[in-house]
Amino acid sequence: PRTVQDLIERAPEAPELDKREADVSVLFVDLVGFTRLTERLDPGRVNELVERCFGAYLDEILRRGGDVNETAGDGLMAIFRDADPRRHARQAVRCALGILRRTRELNETLDGLPEPLAVHIGVNSGLATVGATKIEGANGTRWTYTASGQVTIVAARLAALAQGDEILVGAETRERLGDQFEQLITLGVQAV
């Protein structure tokens with residue numbers, strides 16, 4: 001991620017990868033009906049679809065100042081940070097709207113799909129533990145840069161609750177948006 005690159009470039013001998021508490025907005029997105037797609041389409045075609053979607057989504061994420069933290073199958077997680085917590089929350093929601101738009105655009109260009117592509121998106125904001133995680137085993141070591149804690153967990157659960165082409169935002173994100181997004185509808189308390 002660009003965040004890690006910046007940390008390493010600032011201090012190549014000892015980058016600041018330690019975990020620390022930071023205010024972030026976390027966005028989760030995954031494709032609706034991915035299992036059905038894998039059952040109906042050739043594996044190469046499925047891989048092509050995921051790459052095209054993620055490429056389009058990556059453009060939206062980077063354009064809005066986010067970093068793709070991880071991908072897994074048909075889903076990805078992005079982290080948005082800014083000195084102004086309201087700004088990163090707004091950027092994460094604008095990114096989510098951009099992902100919806102890009103998915104619609106992809107549907108216009110993709111042929112041979114059993115059904116149009118759709119996504120589930122969840123966005124949540126607040127304090128998370130952000131930094132590097134070292135996974136060390138007998139045969140090697142892997143570093144990841146992530147945000148963990150309740151903010152991330154709730155963002156993932158919101159994405160899981162979202163219907164096709166729906167964006168669910170957490171209460172803290174909603175608070176930070178102010179009156180920027182008129183089309184928001186309150187769903188009340190949800191069990192996540």
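Me: Which helix has the lowest mean pLDDT among the elements of the protein?
Reply: This is a predicted model, and the protein averages a pLDDT of 87, with 89% of the residues scoring at least 70. Among the elements, helix α4 (residues 85–109) has the highest mean, 96. The lowest mean, 64, belongs to helix α1 (residues 2–10).

Me: How many of the six residues of strand β3 are buried?
Reply: Side chains in a regular strand alternate between the two faces of the sheet. On one side of β3, G75, M77 and I79 are buried, and on the other L76, A78 and F80 are buried. Strand β3 (residues 75–80) is therefore largely enclosed by the rest of the structure, and its buried residues number six of the six.

Me: Which strands pair with β3 in the antiparallel sense?
Reply: V29 has L76 of β3 as its bridge partner, and A72 has G75. Strand β1 (residues 20–31) pairs with β3 over six bridges. Strand β2 (residues 66–72) also pairs with β3 over six bridges. The antiparallel partners are β1 and β2.

Me: Which residue in the turn between β2 and β3 has a positive phi?
Reply: β2 and β3 form a hairpin, with two residues between them. The phi in question is about 60 degrees, and the residue is G73.

Me: How many residues are in the largest nonpolar core?
Reply: L27, V29, Y57, I99, V119 and I121 touch the most other members of this core. β1, α2 (34–40), α3 (43–63), β3, α4 and β4 (119–137) each supply at least two of its residues. A second, separate core has 13 residues, including V26, V130, A147 and A155. The largest core has 33 residues.

Me: Is C53 buried or exposed?
Reply: Buried means under 20% relative accessible area. C53 has a relative accessibility of 0%, and C95 is likewise buried at 0%. The structure holds zero disulfides. Because its value is 0%, C53 counts as buried.

Me: What is the relative accessible area of G149, and where is G149 found?
Reply: G149 is found in the loop between β5 (140–148) and α5 (150–161). The C-alpha atoms of G149 and T129 are separated by 6.3 Å, although the two residues are 20 residues apart along the chain. G149 is partly exposed, with a relative accessible area of 31%.

Note on methods. Residues numbered from 1 in each chain as written. Predicted model: local features only at pLDDT ≥ 70, side-chain atom pairs only at ≥ 80, totals over all residues. Heavy atoms only, no water. Helix = DSSP H or I, 4+ residues; strand = E, 2+ residues; numbered from the N terminus. Buried < 20%, exposed > 50% of the residue type's maximum accessible area, 1.4 Å probe, protein only. Disulfide = S-S within 2.5 Å. pLDDT = per-residue confidence, 0-100. Pairing = 2+ DSSP bridges. Core = buried A, V, L, I, M, F, W, Y, C linked by side-chain atoms within 4.5 Å.
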